[in-house]
Structures are given as structure tokens and as C-alpha cells.
Amino acid sequence: MNMPTYRDEPFKWYEFMRQNHPVFRYGNSVHVFKYNDILNVLSNHRVFSSQFRDLLDENLSGILNEKIAPSILILDPPKHTELRNLINYAFVPKTIDNYENRIRQIADDLIINMLTEKNVDIVAKLSYPLPVMVISEILGIPDNDMPLFKIWSDRLASSLGRGPDIKTQYEIADYFYGLIRKPDKLKGLLKDLCTVEIDGRKLTDQEIVSFAILLLVAGNETTTNLITNTILTISENKKYFYEMQNDASLIPAVIEETLRYRSPVQSTRRYAREDTEISGTEVLKNDIVFLYLGSANRDEDIYKEPDLFDPKRNNKRHMAFGHGIHFCIGAPLARLEAVVVLKEFSKFIKDFTVEKPSGDDRIDSDIMYGFKKLIINL
Ligand code: HEM
């Protein structure tokens, strides 16, 4: 039997690993595939740390920290809790819902623009531009700077999964430092971040800049992939597309099931602060622990017929946004963007087919699952 590989058949590879090596130790890395094991690791942030800069040589982490403070994604409590509390308000559904009309306008413009063509690359025309436009408006980037901002965003997107693009991050950092040093010209979230205060604690300039960069790195490509993956998945399950056209209330469930079935973020990592074990497999201090969220979301012990796309399944919990203290802060925004886009898509587009993407069309990344292009025929 040929063993499936992550690159060619990620979901078959996960199934093979869940059945044969649910916790697999290799060198100083440990790979975890079962839902409950991943849940336990993510719940135990005291032992399984996100603070990867602690593993670096002190000099190197000092140099990195000078320009871009470590973001919440790579901090443990108490620093993580303190920062997350300061920025949380900006991402709660109550705040995010204010953006709904503007997201709809952007989605309508992009979709109407597509309608004159017969074969459309949905990534280039819709799922890629929308999140960049939304986040730059939320942050309050001046209109004149949009082209520059888009170039950086493109460069960040193409570096994902291949390690951080430090040069681009430094350029963006300098740009944001320039913006926040002219406080009277600030608007949007950047302005809020400069003024927000809890118990006399304000964000430092470095923290503001690092958070703004994190939003670009963590929020754009992930949402692009969610939109593309949803359109691909409903093209393979057309009955739900027709149902959505008649009853938009099905759309949130279609998005949730796509998050489970084709999770935009397939894995995340922690490192062990001390010797421990996961379901009986030894884990040594400083081992890197790979958590396959995309495999948890197909775990047969949790989901009936996990390889079936079924927006009407009873069990809707999934791990596409992670779990525990680092649970995705952008989840309400990503969900809103995807729901609005799919509502407008199913309103303007009567029917469509998709040109089956080839293996090369899939994004070349160990972490992200999505497509560089997806052609739809209108
Ligand atoms: C964290 C997925 C969209 C901002 C996370 C994590 C996952 C994730 C799995 C947890 C990582 C870990 O525990 O190591 C996704 C997916 C998205 C999405 C699948 C789209 C479908 C967004 C958006 C934003 C965002 C739109 C912001 C605009 C963040 C931030 C964190 C995070 C700031 C770090 C939270 C923390 O460390 O406390 N995301 N994300 N994400 N996400 Fe998202």
C-alpha cells in the first residue's frame, strides 16, 4: 500500500496517522492527530507554551523584540492575558457587526465586476481582495496608501508557511510607526489602539505596530482561503447552493461546515516547557508539538461520517479557530465576511461550475489549506 502524503492527500494522511500513530514522536518533534489529545494540549498552556522566542538565543530574541514586540500569538500569560484584554473589545461581535454594511458594499462591487466575464478566477477577483480591503478600512489606513499596503499584503501572503518574511515585516513596521507618530491624522482601529487604556495600562508603540502586523499576517490569507474553500465545496455539493439561494439562513451552517471540512489553518504548534506525555507518548522538555487541527476536525470518534460535507450535522463544534486562550480573536470578523460574501454570491450568481483545481493550484504550505486560483464558469 502506498502511504498517503500530506502534500497530495492531507485528509487521507491524517486518517492513516490517527489509526496508526495518533501521537507520533520523531526526533525532537511530536505530531498529534486526535481531537481530544489536541484539545488537552491547547487547554494546558502552562506546560505547552506558545512563547517560541524563549527557545532562541537571548541576543537574537532581543534584536527581534526591539523592532516588533512579540505578538499575542506567541506570548503566554500573564503578558498574553494583559494584551488580549486591551484589544479584545475591537473584535467582539458587537463591534464587528458595525462593519456588515461596508463588507456587503465591497462584496457587491467585486461580484458585480465579475459578472461580465465567463471564466473568473474567484481568488483574484473576490476572495483575495475582500479581506485586505476590509482590514485596511478597519485599521484606518489612508486611501492614498492602499496600493502600498496591498503590495505588502501580497508579499506577506506569499511568504506564509515558509517562515516569517522579516524584511517585509520591518518595512510595514516602519510604515505603521510613521502613522502612529502623527496622532491627529489617525482614524479607525489604529486610533483606538493608541488611546485604549485598562487599569492605567496603555499599549506601547511597539505593541500597536506588532498587533497591526499580526492582523495582516493572521487575518487575510486565512479569510481568503475560507471564502475560496467554501465556493469550491458548494460547487461539489450543489444542492446546498440551490438551497442557500432560497434560504439564506442556511449560510452560517455552510460556513461552519467548510471550516471543519476544509480548515484554512491545518495546524498549529506549541513547545513543551517540561518533560510530560500525551496519551502515553513521551514528550521531552523543548520538544516542538505539532497539532493537526485539520485532522481533529475529521476525527471519526467525534464526527459521524467525517469525510461527508454536511452543513446539517448536529455536531457543529470544530477546531478551525483553535481552542483555549489563543482562540482566534478574528473569528467573528472572518465569519461575518464569509457569510456576507456567500449571501451576495448566491444572490447575484444564478448558477456556476468550477474547473477542478489541480494539485499545483493548492497553496504550497504546511499550515494553510487553500488555492492560489480557482476558476469558476458563469
Ligand atoms: C489565532 C485561525 C481569521 C486574528 C488564530 C488561531 C487559529 C486561527 C487556528 C489559533 C492559533 C494557535 O492557537 O496557535 C483563523 C482562521 C481564520 C482566521 C481559520 C479565517 C477563516 C482571523 C482574522 C483575524 C485573526 C480575520 C483578525 C483580523 C487572529 C489573532 C490570533 C488568531 C490576533 C491570535 C490570538 C491569540 O493568540 O490570543 N486564528 N483565523 N484571525 N487569529 Fe485567526
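Tutor: Let's begin with Arg298, whose charged end sits over the ring of Tyr261, 4.3 Å from the ring centre. "Over a ring" has a set meaning here: NZ of Lys or CZ of Arg lies within 6 Å of the ring centre and within 35 degrees of the ring normal. The charged end of Arg298 also sits over the ring of Phe11, at 3.9 Å from its centre.

Before we go on, a word about what you are looking at. This is a predicted model, in which local features need pLDDT of at least 70 and side-chain atom pairs count only at pLDDT 80 or more, while totals for chains, interfaces and linings use all residues. Residues are numbered from 1 along each chain as its sequence is written, and side-chain values use heavy atoms, leaving out hydrogens and water.

Together with Tyr6, Trp13, Tyr14, Phe33, Tyr292, Tyr369 and Phe371, Phe11 forms one aromatic cluster. Rings of Phe, Tyr and Trp (its six-membered ring) pair when their centres lie within 6.5 Å; planes under 30 degrees apart are stacked, over 60 edge-to-face, and the rest tilted. Across the whole structure, a search finds 25 aromatic pairs. In the tilted pair of Tyr6 and Tyr14, the centres are 6.2 Å apart and the planes make an angle of 50 degrees. Both Tyr6 and Tyr14 are buried (under 20% relative accessible area with a 1.4 Å probe, protein chains only; over 50% is exposed, and in between is partly exposed). Tyr369 and Phe371 are edge-to-face, because their planes stand at 90 degrees with the ring centres 5.7 Å apart. Tyr369 is buried, as is Phe371.

Now for charges that meet other charges. The structure holds 28 salt bridges, each being a side-chain nitrogen of Lys or Arg within 4 Å of a carboxyl oxygen of Asp or Glu. One of them joins Glu257 and Arg313, at 3.0 Å from N to O. Glu257 belongs to helix α14 (residues 251-261) and Arg313 to the loop between α15 and α16, so to speak of this pair is to speak of a link between distant parts of the chain, 56 residues apart. (Helices, H or I over at least four residues, and strands, E over at least two, are DSSP runs numbered from the N terminus.) Glu257 and Arg313 are both buried. Elsewhere, salt bridges with shared partners join Lys79, Glu82, Arg201 and Glu207 into one network.

Glu171 and Arg155 form another salt bridge, with their closest N and O atoms 3.1 Å apart. Because Glu171 lies in helix α10 (residues 166-180) and Arg155 in helix α9 (residues 146-159), this pair ties together parts that are 16 residues apart in sequence. Glu171 is partly exposed, at 29%, and Arg155 is partly exposed too, at 30%.

Back to the loop that holds Arg313, between α15 and α16. Glu305 is found there, and has a positive phi of about 45 degrees although it is not a glycine. Glu305 is exposed, with a relative accessible area of 53%. Cys328 also has its place in this loop, between α15 (293-296) and α16 (331-348). The SG atom of Cys328 is the only protein donor of the ligand's iron atom, at 2.3 Å. Donors are N, O and S atoms within 2.8 Å of the metal (3.2 Å for Na, K and Ca), and since water is not among the atoms, sites may look incomplete.

Three strands form an open sheet in the order β4-β12-β11, with antiparallel pairing. β4 (119-121) and β11 (353-354) are its edges, each with a single partner strand, so one side of each has no neighbour in the sheet. Strands pair if DSSP finds at least two bridges between them, and β11 pairs with β12 (residues 375-377) over two bridges. Thr353 has Asn377 in β12 as its bridge partner.
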